[in-house]
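Please read it with the model open.

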Amino acid sequence: MKICCIGAGYVGGPTMAMIAMKCPEISVHVVDLNADRIAAWNSSELPIYEPGLDAVVQEARGRNLTFSTDVETAIAEADIVFISVNTPTKTYGIGAGRAANLEFVEKCARQIGRVAQGHTIVVEKSTLPVRTAEAVKRILSSVATEATFDVLSNPEFLAEGTAVNDLLNPDRVLIGGESAEAIQTLADIYGNWVPSERILTTNLWSSELSKLTANAFLAQRVSSINAMSALCEATGADVDEVAKAIGTDSRIGPKFLKASVGFGGSCFQKDILNLVYLCSHFGLQEVAEYWEQVVVMNDYQKRRFAESIVKTMFNTVSSKRIAIWGWAFKKDTNDTRESAAIYVCRDLLRERAQLHIYDPRVSKARILEDLEIVMRTNGDSLSNSERELIEKNVHVATTSYEAAEEAHAIAVLTEWDEFKTLDFDRVYQGMHQPAFVFDGRNILNHSKLAQIGFEVHAIGKK
Ligand code: UDX
Ligand code: ADP
């Protein structure tokens, strides 16, 4: 059997590497238009950082896992084609800012229709609005001359930073479709390592909607605990204590109750906005407004964090040096999409702070590009003053210590483990007094920091 996966990103790359590792008899071909990305997948420096992924890729690459830019050949040879391309939020036209941009999915469908041979199973791996499969089916059948197709929805639930383990031991694999035979073919592949009771099958629309729903529920938990963090700060309750107290209720459970500076990542905001758009489209205004509040609360949390830094530092951060620890949207990934750090730093830059940013896995180029995009107030390019602000006020450091040297404050924006074990006496000695710490992830030992002399401000703690 031959598999082709279109899209070698954070989802396509790791998922296909796992299938190839677990199914040596299946030939897995991952293709992408982005030649740099493909070159990186073929090198010793993979394009994404994911703990444990190097070993998985190494075991299968060259044996039954290949990466290339030859999209058409891979499609033509494949029995199963996974569509794993990006579906960003639309930035223009109808549904701008909410609806998913399905341009890349449609292009894939057209290309598959044109070049596929024989009977091909087309699998939607990307997160898509409900009923996208209908459009995919229509495109395939109108473009294809001889080939025939079954379309399945098989959303990926892996989280970045834990992708390898999530793929090895998934809570469930979800396959939606109409053809029992096609569903069984895909289920048999996962059956090589996933117990059969964890392979759920549904109709196409339930599968598509389940992915959006899972992300909406997870994001809603984070926004709910973040909403409580504001109330904790006002009342003297401690949000970590509240989270523990409610999390022991087996009906609530302990996961996804960590208050933070706000959720990020490529999925949560995008998927909720997509859900909001879908609900509005179907005339369900109250449902749309209900879910939109999850994103509204997240924006509030990011803004509130930046504002509290300014307020605490005597209402001005102009020319003050602030160490930013962490840029990725969560630990153990180099992905920065929608990272809270981007928005907090935008707000601090507008207050003229001097930012010294350090992240163990994110490149300087990525950090600067993220800031260039978020600082634009007018169209597609930076104004001279915006560019000057970034050039003069943003510095990228190579260690936490370097970032904190001569700083007035430290803001922890990603929960990297290495921040917990630093020599805080040394950090304190190098800083201006009073030395502020704003722990946006509640990962540091606050009482120890206070003993050293730091003034600590944490999420959801007075
Ligand atoms: C998410 C879903 O978990 C995954 O199932 C889906 O396939 C893709 O979207 P991901 O975005 O990779 O995965 O990471 P996740 O662990 O869900 O974290 C998302 C954001 O929420 C991060 O910024 C994280 O720091 C934040 N978060 C998570 C919290 O602030 N508190 C929590 O308790 C949990
Ligand atoms: P995700 O996090 O969903 O995996 P990414 O943006 O990391 O998203 O990856 C999607 C990949 O899909 C990108 O590398 C992009 O170049 C690739 N891609 C998008 N459209 C096409 C296409 N028509 N053919 C091949 N690759 C594509």
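**Ligands and domains, point by point**

1. Start at ligand 2. One of its oxygen atoms sits 2.9 Å from a polar backbone atom of V11. Keep in mind throughout that this is a predicted model.

2. At D32 the side chain takes part: one of its N or O atoms is 2.6 Å from an oxygen atom of ligand 2. At L33 the backbone takes part: an N or O atom there lies 3.4 Å from a nitrogen atom of ligand 2. How much of ligand 2 does the protein bury? On its own, ligand 2 exposes 570 Å², and the protein buries 87% of that.

3. Now widen the view to the shell of ligand 2. It holds 15 residues, and Y10, V11, D32, R37 and R337 come nearest. Sorted by class, seven residues of this shell are nonpolar, five are polar and three are charged.

4. Turn to ligand 1. Its surroundings comprise 20 residues, with F157, E160, S260, K330 and R441 the closest. Check the backbone first. F157 places a backbone N or O atom 2.7 Å from an oxygen atom of ligand 1. K258 places a backbone N or O atom 2.8 Å from a nitrogen atom of ligand 1.

5. Then check the side chain of K330. A polar atom in it lies 2.8 Å from an oxygen atom of ligand 1. The accessible area of ligand 1 on its own is 660 Å², of which the protein covers 90%.

6. Next, the domains. The assignment gives two: domain 1 spans 2-202, and domain 2 spans 267-458. Taken over C-alpha atoms, their centres are 33 Å apart. Domain 1 brings 21 residues to the contact, and domain 2 brings 17 residues.

7. How much area do domain 1 and domain 2 bury between them? The figure is about 1600 Å², with 50% of it on carbon and sulfur atoms.

8. Finally, the polar side of the domain interface. Two salt bridges cross between domain 1 and domain 2. R98 also forms a salt bridge with E292, and the closest N and O atoms of that pair are 2.5 Å apart. On the side of domain 1 that touches domain 2, twelve residues are nonpolar, six are polar and three are charged.

Terms used
Residues numbered from 1 in each chain as written. Chains lettered and ligands numbered in written order. Predicted model: local features only at pLDDT ≥ 70, side-chain atom pairs only at ≥ 80, totals over all residues. Heavy atoms only, no water. Near = heavy atom within 4 Å. Polar contact = N/O pair within 3.5 Å; in protein donor to acceptor, adjacent residues only side chain to side chain. Areas by Shrake-Rupley, 256 points an atom, 1.4 Å probe, with all protein chains shown as cover. Nonpolar A, V, L, I, M, F, W, Y, C, P; charged D, E, K, R; others polar. Domains from an automatic or database assignment. Contact = heavy atoms within 4.5 Å. Buried area = accessible area lost by both parts, 1.4 Å probe. Salt bridge = Lys/Arg side-chain N within 4 Å of Asp/Glu carboxyl O.
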